[in-house]
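Reader: Please show me the model. I would like to go through it in short questions and answers.

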Amino acid sequence: MINSTHDKKLKKLLVSLNNRLTPTVYFICCNTEKLRKIIFKEIESGTKRYRHIEVDLTPHLVYSLRDAINQFVSEEVKSSAPLSYAVHFTGISSSLFVSDGQQLKKSKLAEELNFERERLFHDYPFITFVWVTPYFYNELFYKAGDLMSWAVDRYEFIDNLPEDITSEIPYKQPLQTKGVNKERLDRIEKLENLLDRLNEENPRPRESYQ
């Protein structure tokens with residue numbers, strides 16, 4: 001799924017990474033998980049000077065990226081020699097909305113990223129990758145303008161023809177057997193593949209989310 005536009009951006013990104021003299025923060029925007037995984041593999045294979053670590057924040061409600069670093073990044077990485085590691089934070093976009101009773105509302109995560117920007121750029125010895133959806137990426141420009149003016153290393157990789165998965169949701173009937181079995185494992189694998197192809201570019205939250 002790497003087209004010519006992606007390829008040019010990717011080459012620019014790899015040159016930047018391979019010539020870094022100091023740690024910094026990269027913001028990478030992708031509109032499908034499938035594309036994100038492809039770009040990640042290209043970054044990993046094209047920058048052998050770093051040890052790449054993924055930190056999935058999807059299961060966690062993140063109020064501050066700095067707090068997430070302190071909680072989920074090992075002391076070994078946080079005290080490592082400068083530019084030894086590249087730490088990739090994924091799933092942070094899932095913390096953009098928080099529950100408020102029976103409704104959802106936007107969290108203060110984007111604003112908090114703005115407040116903590118200086119520490120994010122200067123307090124850690126590793127390269128920080130923040131992987132976001134297009135919706136969250138736009139929120140950062142709107143809510144964290146100072147942060148985005150600092151973040152010169154930001155790249156958008158957009159699949160303009162994401163696959164339509166709406167007619168492919170399998171298993172309309174529940175499984176007849178319980179426990180771990182081939183049918184259940186096959187269903188999980190197919191649903192995970194569908195999730196990877198889901199287009200996240202233009203979500204439309206309910207008005208009550210605003």
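Reader: How many aromatic pairs does a search of the whole structure find?
Author: This is a predicted model, in which local features need pLDDT of at least 70, side-chain atom pairs count only at pLDDT 80 or more, and totals for chains, interfaces and linings use all residues. Residues are numbered from 1 along each chain as its sequence is written, and side-chain values use heavy atoms, with hydrogens and water left out. Rings of Phe, Tyr and Trp (its six-membered ring) pair if their centres lie within 6.5 Å; planes under 30 degrees apart count as stacked, over 60 as edge-to-face and the rest as tilted. Searched over the whole structure, the aromatic pairs number six.

Reader: What is the angle between the planes of Tyr26 and Phe129?
Author: Tyr26 and Phe129 form an aromatic pair, 5.2 Å centre to centre. The pair counts as stacked, with the planes at 20 degrees.

Reader: How many residues apart are Tyr26 and Phe129?
Author: Helices (H or I, at least four residues) and strands (E, at least two) are DSSP runs, numbered from the N terminus. Tyr26 lies in strand β1 and Phe129 in strand β6. The pair links distant parts of the chain, and the separation is 103 residues.

Reader: Are Tyr26 and Phe129 buried or exposed?
Author: Buried means under 20% relative accessible area, exposed over 50%, partly exposed in between (1.4 Å probe, protein chains only). Tyr26 has a relative accessible area of 0%. Phe129 is at 0% relative accessibility, so Tyr26 and Phe129 both count as buried.

Reader: Which residues of β6 are buried on each side?
Author: Strand β6 spans residues 127–132, and six of its six residues are buried. In a regular strand the side chains alternate between the two faces of the sheet. Both faces of β6 are covered. One side has Ile127, Phe129 and Trp131; the other has Thr128, Val130 and Val132.

Reader: Which strands pair with β6, and in which sense?
Author: Two strands pair if DSSP finds at least two bridges between them. Strand β1 (residues 25–30) has five bridges to β6, with Ile28 opposite Trp131. Strand β3 (residues 85–90) has four bridges to β6, with Phe89 opposite Val130. The strands are β1 and β3, and the sense is parallel.

Reader: Which residue has a positive phi although it is not a glycine?
Author: The residue sits in the loop between α4 (75–78) and β3. With a phi of about 65 degrees, it is Leu83.

Reader: How many disulfides does a search of the whole structure find, and why is Cys29 in none?
Author: A disulfide is a pair of cysteine sulfur atoms within 2.5 Å. The sulfur of Cys29 is too far for a bond, because the closest cysteine sulfur, in Cys30, is 6.6 Å away. Cys29 is buried at 0% relative accessible area, and Cys30 is buried at 4%. The number of disulfides found is zero.

Reader: Which residues does Phe136 touch, not counting residues up to four places away in sequence?
Author: Phe136 is found in helix α7 (residues 134–143). Phe136 is buried, with a relative accessible area of 0%. Contact means heavy atoms within 4.5 Å. The residues touched are Ile92, Ser93, Leu96, Leu109, Ala110 and Leu113.

Reader: What share of the 210 residues of the chain counts as buried?
Author: The secondary structure of the chain comes to nine helices and seven strands. Residues 24 or more positions apart account for 81% of the contacts with a separation of 6 or more. Of the 210 residues, the buried share is 44%.
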